[in-house]
Amino acid sequence: MMDIITMEIIRGSLEYTAEEMGIALRNSAYSTNIKERMDHSCAIFDNKGRLITQAEHIPVHLGAMPLAVKSIIKDVEDFNEGDYIIFNDPYYGGTHLPDITLVTPFFYNGELLGFLANRAHHSDIGGKIPGSMPGDAIEIFEEGLIIPPIKLIKRGILNRDVLKLILSNSRTPKIRKGDIMAQIAANNIGLDRLKKLVSKFGTKRFMESIEAVLNYSERRMRKAISKIPSKTVYAEDYLDDSGIVNKPIKIAVEVKVKKTELIFDFSKSDAEVDGSINAPFAVTLSASYFVLRSITDPTIPANDGTYRPLKVITKKGTVVDSTFPRAVAGGNVETSQRIVDVLFKAFSEILPDKVPAASQGTMNNIVIGGIDPRTGEQYTFYETIGGGFGARKGKDGVDGVHSNMTNTMNTPIEEIEKRYPIMILKYELRKNSGGLGKWRGGLGIIRAYKILGDGMLSVLGDRHKFKPWGLFGGKPGFSGRYYIIRNGREIMLRSKCSVKLLKGDIVVIETPGGGGYGDPVERDIELIRKDVLEEKYDKDFIRIALGIELD
Amino acid sequence: MSSRYRIGIDIGGTFTDIVVFDKEIGDFKLVKKISTTPADPSRAVIEALRGFSRDILDSVEFIIHATTIATNALLGQEGLELPRTALITTKGFRDILEIGRQRRPELYNLFFERPKSLIPRHYRFEIDERMNHNGDIIKGINIMDLDKIVERLIKHDIKSVAVSLLHSYANPEHEKIIENELIRRIKSIYISVSHKVDPEHREFERTSTTVINAVLMPIVTRYLRNLEKKINNLTRTKIFIMQSSGGIESIGNASRLPVSIIESGPASGVMATKYLLEIIGRSDALSFDMGGTTAKAGAVINFQPIITTEYEVGGKVHVGRIIKGSGYPIRFPFIDLAEVSAGGGSIIWVDEGGALRVGPISAGAEPGPACYGKGGEKPTITDAHLILGRLNKKYLLDGDLKIYFDLAKESFRKNIYNLVNLDPVEAAIGALKIANSLMSKIMRIVSVERGINPSDLILVAFGGAGPMHACSLAEELNMKEILIPRSPGLFSAIGLLSVDFKHTLIKSIRKTIDSLSFDELENIFRRLEETGKKILLSEGISKENMIFNRFIDARYLGQGYELIIPANGINSENYAYLISNRFHNAHERKYGYSLVDEKVEVVNARLDVIGLINKPKLRLMRTRKNKAIEPFAKREAYFESIDEFIEVPVFKRIQLSPGVKLNGPVIIEQYDSTIIVEEDWQLIVDNYGNLLITKQSGDN
């Protein structure tokens with residue numbers, strides 16, 4: 001009689017355990033990337049490698065974690081109590097090399113009941129540039145150290161040689177060590193909590209409840225999908241270029257809604273390319289899962305059952321299912337965004353009320369590095385910048401925010417200026433950049449960096465050529481613009497490139513605005529007045545775009 | 001005028017609690033629970049005070065007040081419209097306030113919105129000036145810009161101004177110039193400057209805190225002055241305001257720094273726990289407050305509540321944690337509380353997938369649980385307790401509230417049984433388990449997640465519903481002792497009577513410890529102490545009652561977060577070694593490792609300025625030895641520890657005089673609460689009338 005109650009309690013406890021693992025990881029991590037930007041996820045799996053629960057801060061880890069654990073089960077011959085398997089290989093369910101995953105089998109009374117896993121973005125794992133995300137790599141070898149699934153800890157004994165090898169391949173070994181130790185601590189918390197939970201309920205009830213939890217999520221997801229009209233729709237969208245070959249790259253999808261099932265077929269996407277914007281299958285899966293959850297009911301607990309009604313089809317050797325040894329750093333951060341865009345575009349024909357117009361569609365990855373003239377020491381500064389969120393039916397898009405596959409925080413200006421030879425000259429919303437519409441897109445951001453010593457700039461962005469589209473008559477948002485002001489002259493930059501910087505250079509990043517939704521002619525004049533009053537749009541811009549004269 | 005009575009007034013969302021403590025007999029003269037009057041919260045207070053006898057009103061020592069006015073104003077309550085406010089900031093940075101940390105509060109909600117910006121973009125004025133992180137002036141302030149801004153402030157009839165310039169924590173000179181010019185040129189305008197409100201680095205948090213202060217200043221000042229005037233018509237006494245940090249301050253200081261009083265109500269519950277600990281001579285507790293709609297947990301370690309400096313007003317909470325970006329961030333000392341939507345009124349329901357759920361929706365006071373017979377049709381936690389015989393089947397509140405058992409049963413049948421085939425008893429048992437599971441999480445958040453072992457703590461359970469769940473929750477967390485105060489439902493208000501004055505002063509430093517001399521640090525602390533002295537003197541505290549506690553906010557160079565470490569008792573010889581050592585140890589304790597080779601950065605000097613007030617002494621009650629008491633009733637009730645219905649004795653709380661011992665399973669009823677003692681737990685009444693409930697080891 002108590003099945004659904006035990007299930008609810010076990011589900012809640014597992015969810016909390018995953019969260020608690022995440023907090024342990026964040027608290028004990030050394031790098032700001034994990035501590036402050038929270039670029040990590042934790043998850044719990046059953047003994048068949050099926051996802052039971054996941055606590056993520058970044059959607060790009062969503063689908064990748066399950067794939068990773070499945071491939072480990074296939075690859076690792078024998079699991080023993082006290083084993084900790086480390087890996088980052090994107091061609092084994094990884095995302096890109098800086099994301100290191102640690103998996104620990106969970107035994108109870110000698111029986112393998114499940115796995116604990118966490119993934120954290122390490123700020124440097126070697127490769128040709130600091131930060132390990134070069135915009136112009138061709139092979140994955142340029143992006144850093146590849147770690148196949150290996151036992152970092154075997155039956156409770158740390159393999160110091162393996163650790164040494166990993167650390168010696170990073171520019172910041174001390175921080176790497178702190179972060180890896182934090183990952184171990186996180187799984188240990190998970191092990192402890194799981195043991196207590198199973199001892200309270202017994203193995204049988206625990207396993208039965210897990211089965212029930214997975215079926216419960218599947219049931220709710222199928223119910224949610226059944227409310228979507230059955231239809232087949234094709235959509236495509238483009239990335240600017242690969243950073244190496246100056247040619248647009250097509251991402252295409254056919255979405256099929258069949259009663260309680262969904263199929264996303266990406267087979268018609270372009271072939272993989274020279275450059276880093278190739279997405280391993282795990283990234284495509286993550287983006288697909290993100291869309292599935294956000295267009296149905298985000299309160300459905302995410303686990304293996306949630307994703308059963310979705311089939312993701314890709315063709316090997318395409319930009320959405322790349323093959324070894326293609327470079328992949330940009331696939332994770334940029335192509336993942338475009339996959340979401342193209343799915344939303346398709347769904348705008350199926351669920352027009354539930355899907356926003358295109359958001360900025362990029363993460364604007366900025367790396368500035370060089371020698372700090374104040375100390376003579378080498379530095380690397382990395383951050384991503386938000387932009388406009390697409391307009392929604394009934395609501396304007398949100399100004400200056402991260403969208404879809406990422407949600408990391410900015411770095412405080414007062415922190416940057418102390419730590420790096422960089423002065424921020426401007427951090428503001430980009431006027432007029434949100435696509436007009438009955439509901440307007442969110443505004444992009446302008447961020448300007450003055451460089452106080454010679455250095456290097458590496459940018460990895462997109463949507464410089466193909467603007468974030470509007471829906472149902474809504475106008476597109478402004479495209480992104482990156483440029484350097486040197487001696488009063490503007491030097492335009494491509495969306496993916498690495499360039500030398502001179503002392504006194506000002507790097508300006510203007511991020512894309514979101515697309516508008518609905519015909520701008522239908523926009524409430526009071527809202528237009530408010531936009532102008534609040535200085536988010538210029539009077540002249542409105543006059544030219546809409547032919548409306550405001551007083 | 002004598003000063004026999006001390007009055008605590010806690011105005012909450014639903015109820016206003018008033019307690020009058022008689023210092024001569026060491027006991028409460030009267031306690032009152034009345035409905036809050038949201039449009040003018042002072043109305044209910046004044047009406048209640050009017051009912052007090054002249055004898056009381058003529059001899060009030062002082063009144064301490066906890067209020068939700070600040071939160072209500074920010075949440076957009078009617079009658080508390082926010083004043084027209086402007087921000088003055090460095091050129092190029094007026095959108096820091098709106099962009100925030102560039103995150104969205106919910107990952108998968110495509111229709112999310114940011115909380116509405118407290119100051120619209122066209123009221124955020126830029127001024128050409130620039131400092132760097134060392135406080136060097138890169139560009140002097142352009143007074144011409146200020147002329148234009150003043151003109152616009154007047155033209156737009158701005159009531160309150162926030163001033164927040166980049167790096168003002170390092171050099172406040174430009175902010176001071178602006179402040180002085182504004183005072184000089186505009187009459188009757190409220191001004192909040194960031195180097196006074198929150199003088200720490202990280203521009204968004206400082207600006208946000210300053211802006212919230214500016215927005216609240218006119219409202220809170222008006223409210224407090226009005227309350228003071230009305231109360232002074234009845235009794236000429238001082239009124240002090242409770243802060244979120246668990247200290248009190250004068251009305252003048254609260255009006256200048258309204259960001260300090262945001263969570264004054266919940267703070268008083270934890271301060272009541274601290275007070276109780278001091279009385280019984282224990283140092284560490286987990287404070288658990290469960291009312292009608294929410295449960296809150298906090299920890300008191302070594303007689304001190306745990307403090308956090310990060311908070312978001314009006315933020316959404318997900319199982320105990322505030323969702324970042326969902327509210328208005330404030331950086332100020334707050335008692336660290338975790339909260340979950342689980343209370344007596346939380347609704348029990350079945351979701352689309354057929355799972356049984358508890359909360360977050362609450363039946364509230366209206367219509368309330370089904371068994372109240374006020375039109376509530378959905379089963380609640382209160383109804384579950386009733387079905388299981390754990391609550392009195394006929395009435396609550398000593399007979400003031402009639403209870404309808406059949407309505408409770410019907411609500412379960414209709415809303416649960418018809419959907420998932422769980423009969424009312426099964427569903428009620430399940431709902432309590434689920435609620436306990438949710439609440440045990442917030443208890444873990446404030447203990448386990450802070451590196452504290454709950455089994456080292458005593459559980460102080462209060463709020464109307466807290467004592468019903470205390471034993472089960474203690475079992476979940478492996479805690480061995482529970483303390484139930486005399487009036488669990490009024491305990492928070494009692495906490496107000498025992499609180500000291502407190503202010504936290506901060507000076508930004510941002511130097512590695514090897515480049516900061518002892519003298520420099522000592523001078524900074526001395527200056528802060530001078531400021532602290534002045535503040536306390538203005539609040540009427542004499543020098544011998546002042547205490548200054550020094551702290552340092554430190555981190556490893558390059559880290560993004562600081563730890564607060566104590567810095568008392570340091571001299572020039574061992575200074576750098578001692579500070580580093582304390583930091584390494586604190587880091588080890590909290591994060592499980594330390595890096596002794598790394599440089600330690602001193603980010604801020606932090607001074608807690610405390611003005612002691614005398615604590616009310618509680619009357620000791622006489623112990624009656626071996627006095628057997630008879631239950632006033634017996635009833636069948638479900639006990640989780642036994643997992644079935646069993647006939648148990650029921651006692652009235654007033655029967656429980658000091659020395660009385662009872663073994664679980666047993667139920668105790670009192671006016672404002674019901675207490676469930678599970679099997680294997682033993683209850684002893686202490687000399688103050690508190691119930692100490694302890695877990696019995698197996699062989700007992």
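Student: Where in chain B is Pro360(B) found?

Tutor: Pro360(B) is found in strand β22 of chain B, which covers residues 356-362. Helices (H or I, at least four residues) and strands (E, at least two) are DSSP runs, numbered from the N terminus. The model is predicted: local features need pLDDT of at least 70, side-chain atom pairs count only at pLDDT 80 or more, and totals for chains, interfaces and linings use all residues. Residues are numbered from 1 along each chain as its sequence is written, while chains are lettered from A and ligands numbered from 1 in the order in which they are written.

Student: Is the peptide bond joining Gly359(B) and Pro360(B) cis or trans?

Tutor: The bond between Gly359(B) and Pro360(B) is cis, and its omega is about 0°.

Student: And in chain A, what is the peptide bond from Phe324(A) to Pro325(A) like?

Tutor: The bond from Phe324(A) to Pro325(A) is cis, with omega near 0°. Pro325(A) belongs to the loop between β11 (310-313) and α9 (329-347) of chain A.

Student: Turning to phi, what value does Asn364(A) have?

Tutor: Asn364(A) is not a glycine, yet its phi is positive, at about 50°. Asn364(A) sits in the loop between α9 and β12 (365-371) of chain A.

Student: Does Asn364(A) count as buried or exposed?

Tutor: Asn364(A) counts as buried, because it has 29 C-beta neighbours inside 10 Å. The cut-offs are 20 or more other C-beta atoms within 10 Å for buried, 12 or fewer for exposed, and partly exposed in between, with C-beta atoms placed from the backbone.

Student: What about phi of Glu535(A)?

Tutor: Phi of Glu535(A) is positive, near 60°, and this residue is not a glycine either. Glu535(A) lies in the loop between α11 (525-533) and α12 (539-546) of chain A. Glu535(A) has 15 C-beta neighbours inside 10 Å and therefore counts as partly exposed.

Student: At what angle do α7 of chain A and α9(A) pack?

Tutor: Helix α7 (residues 281-295) of chain A packs against α9(A) at an angle of about 40°, and their axes are 9 Å apart. Axes are lines fitted to C-alpha atoms, for helices over the stretch in contact, and angles run from 0 to 180 degrees between N-to-C directions.

Student: Back to chain B: how many helices and strands are there?

Tutor: Chain B has 17 helices and 37 strands. Of its 700 residues, 53% count as buried. Along the principal axes, the C-alpha atoms of chain B fill a box of roughly 80 × 60 × 55 Å.
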